[in-house]
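This report describes the packing and the charged pairs of the chain shown below. Please keep the sequence and the structure in view while reading.

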Amino acid sequence: MDKDFSKPRVNVSMLPSYQGKFVCLLGKAKDVDNNGTSFTLTTSDGQDVKILMQEPLSEYVAGLTEVHGTVDQSNSIVCDNYIVFPQETSDSF
């Protein structure tokens, strides 16, 4: 498997060593920007990371969310795609 297509699962403390690389991050989404261009994800290590959208969100994002994207220089994630899990999954996470 080509390493360029791998999606290591990371948390916030791991982001500095993945700058410029594609990662997968799971957490609880909150604080969606009014124009839908970003939101905050609280990860398993209890820290927040800013998720930057390439296009404004077309839906409300909250609860358990998996983000796939590239780590930028400020340790934010430039999102390629995301999955919002059902509320019942979020509640039991």
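## Contacts, core and charged pairs

T40 touches K28, A29, K30, D31, D48 and V49, leaving aside residues up to four places away in sequence; a contact here means heavy atoms within 4.5 Å. This is a predicted model, in which local features need pLDDT of at least 70 and side-chain atom pairs count only at pLDDT 80 or more, whereas totals for chains, interfaces and linings use all residues. Residues are numbered from 1 along each chain as its sequence is written, and side-chain values use heavy atoms, with hydrogens and water left out.

T40 lies in strand 3; strands (E, at least two residues) are DSSP runs numbered from the N terminus. T40 counts as buried because its relative accessibility is 16%. Buried means under 20% relative accessible area, exposed means over 50%, and partly exposed lies in between (1.4 Å probe, protein chains only).

One of the contacts of T40, V49, is among the residues with the most contacts inside the largest nonpolar core, together with F39, L41, I51 and I77. This core has 17 residues; such a core is a set of buried Ala, Val, Leu, Ile, Met, Phe, Trp, Tyr and Cys residues joined through side-chain atoms within 4.5 Å. Two or more core residues come from each of strand 2 (22-30), strand 3 (38-43), strand 4 (48-53), strand 5 (63-71) and strand 6 (77-84). Beyond four places in sequence, V49 touches residues including V12, L15, L25, F39, L41 and I77.

Two salt bridges are found in the whole structure, each a side-chain nitrogen of Lys or Arg within 4 Å of a carboxyl oxygen of Asp or Glu. Side chains of opposite charge can pair when their charged atoms come close.

| Salt bridge | N to O distance |
|---|---|
| E66 and R9 | 2.8 Å |
| D48 and K30 | 3.3 Å |

E66 in strand 5 and R9 in strand 1 (residues 9-10) are 57 residues apart, and their pair links distant parts of the chain. E66 is buried at a relative accessible area of 8%, whereas R9 is exposed at 56% relative accessibility. D48 is partly exposed at 42% relative accessibility, and K30 is partly exposed at 33%.

The search for disulfides (cysteine sulfur atoms within 2.5 Å) finds zero in the whole structure. C24 is in no disulfide, and the nearest cysteine sulfur, that of C79, is 11 Å away. C24 is buried at 3% relative accessibility, and C79 is buried at 3%.

Note on methods
Helices (H or I, at least four residues) and strands (E, at least two) are DSSP runs, numbered from the N terminus.
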